[in-house]
Structure formats: C-alpha cells, structure tokens
Amino acid sequence: MPTTLYILIPLIILFAFIAALVKIRTWHIRKNAGAYGEKSVVKTLSKCALPDDKLLNNVTLVNPQNEMSAQIDHIFISTRGIFVIETKNYSGYIYGNDTLKEWTQSLNYGKTVNKFYSPVKQNATHIYLLKKLLNTAYPVFNAVIFVQGNTERIKSEHVYSLKTFREFLKHCPADKIGSSEVEAIYQKIKAIESTEIPISEHISNIRAMKEKIDRNICPRCNGALTLRNGKHGNFYGCSNYPDCKFTKKI
C-alpha cells in the first residue's frame, strides 16, 4: 500500500468521526433547546391558568383518511377558548408574516441565514386537523410563542413572546366555553390522541402533504386549489373556502 494511503485513511476516519460528533452535538443542542422552550411555555401557562383550565403537552393526532398527522406542542383548554400552541426557541432575528410560506432566521449579523416553514401555517394545519377530529364549533386560537422574545420583526397577529401571551390571556374574556365543557373537551382530545407515531411515518405524511400542494390539492381537506385574485395579487385558494382557508402563493 502506498505511503500516502497509510496517512490518508486514518485522516479520513478521523474527519468522519469528528463530523459524526458535531452532528450528534447539534442534534442534542436543538433537542435541549426545544425541551427548554416547551418547559418555559408550560410554566407560563400554569401561572395564567384558571381553576378549570386543562393543558395537554406533546399531543399526536392522526387522520389516516388523508395521510395527515400532527405533533402539537401544547393544547390549552380554557373557558377563554382552545389554544393550539407551537413553541419556537430560536435565537437571532426572525423575519416573517402570515402570507409567507417560509420565514427567515438571521444569525451572526446576517452571516448565517436559515429558512424554515411558517409556524403560523404549520399550526393552522394542526388546528384544522384538531377541529376535524373534535367536530366542534368552539373557538380555537392559533398561537406561536417565540420563547426568546425575538418577535419584533415578525408581522403576525398569531405570534407572541412569553410576556405578550401572558398579557393576552390576562385580558381575554373567560366566557367562551363553560367549565364543564372544558373537562369534556379535554377528555375528548385524550380519547382521540394517538400513541406516538414513528418519526419516519410523520415525515412521510409531511412529504405526502407537500406532494398534494405541488399538484394543487389542498393538504387539509383534499379540495382543489384554484387560482384566485386578492388584494395582494394572485394566489391559489381552497375550493372549500370558507370551511377551509388554506392558501398557496404563486
């Protein structure tokens, strides 16, 4: 064997080992950050909860009829309404609004830019599935909480910091759902909650949803996505509007 191979092979193995360590460390950091964010939200909700309020964490819902699944961070059931909460523990500057499909995370003074799917749209799909399975007319609110409070560059009525969400709940009237109904809704969600599905199956469902969007099929209700004109220009909207408000930008 040539001398250079004796040198290269150990180096290749070393670099592969280092790359694996970096990947594992990154995964742990993200997992811990997500867990910390969810704990922060649980702590905040416990302080804002009224005596009859109920909280469910890490809820998995599955609707096999249209290959749809959802892993919801928190469902807060209150006399003030049902709040489906998506938690984000992202650092840096976050840019987004309710019409954009992809939002932007800017780090290191703009040297690092990451794109991620709109958590508002992601949570809207969660809400659609929950309402479908619950078959309820109770008010369900879309709430995306950025734990680090970096919401100043986001233009959305559904996005909160921990502080602004506490203030929102503080001034939210507690007359939307009766106390006995809170318990009934809680038990119904517990009954329809699925055991945790494999991550591979959840990813497969997400891919199936994206394929439907590409074929102009609504991923929520299987309606047709038809070309429409709005105040911000042309877009694709679900044929089952207003029951389904899914939209797709051109």
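Me: Which strands does helix 2 lie across, and at what angle does the helix run to strand 6?

Reply: In this predicted model, helix 2 (residues 119–134) lies across strand 5 and strand 6. The helix runs at about 20 degrees to strand 6.

Me: Why are strand 4 and strand 5 called paired?

Reply: Two strands pair if there are at least two bridges between them. Three bridges join strand 4 to strand 5 (residues 102–107), so the two count as paired. They run antiparallel, and a hairpin of four residues joins them.

Me: What makes strand 4 and strand 8 a pair?

Reply: The cut-off is at least two bridges. Strand 4 and strand 8 (residues 154–155) have two bridges, in the parallel sense, so they pair. In strand 8, K155 is the bridge partner of N97.

Me: Why is one side of strand 6 and of strand 8 left without a neighbour in the sheet?

Reply: The open sheet has four strands in the order 6-5-4-8, with mixed pairing. Strand 6 (112–117) and strand 8 stand at the edges, each with a single partner strand, so one side of each has no neighbour in the sheet. For strand 6 and strand 5, the pairing is antiparallel over six bridges, and T112 is the bridge partner of L107.

Me: Which side chains of strand 4 are buried?

Reply: Buried means under 20% relative accessible area. In strand 4 (residues 93–97), I94 and G96 point to one face and are buried.

Note on methods
Residues are numbered from 1 along each chain as its sequence is written. This is a predicted model: local features need pLDDT of at least 70, side-chain atom pairs count only at pLDDT 80 or more; totals for chains, interfaces and linings use all residues. Side-chain values use heavy atoms; hydrogens and water are left out. Buried means under 20% relative accessible area, exposed over 50%, partly exposed in between (1.4 Å probe, protein chains only). Contact means heavy atoms within 4.5 Å. Axes are lines fitted to C-alpha atoms, for helices over the stretch in contact, and angles run from 0 to 180 degrees between N-to-C directions.
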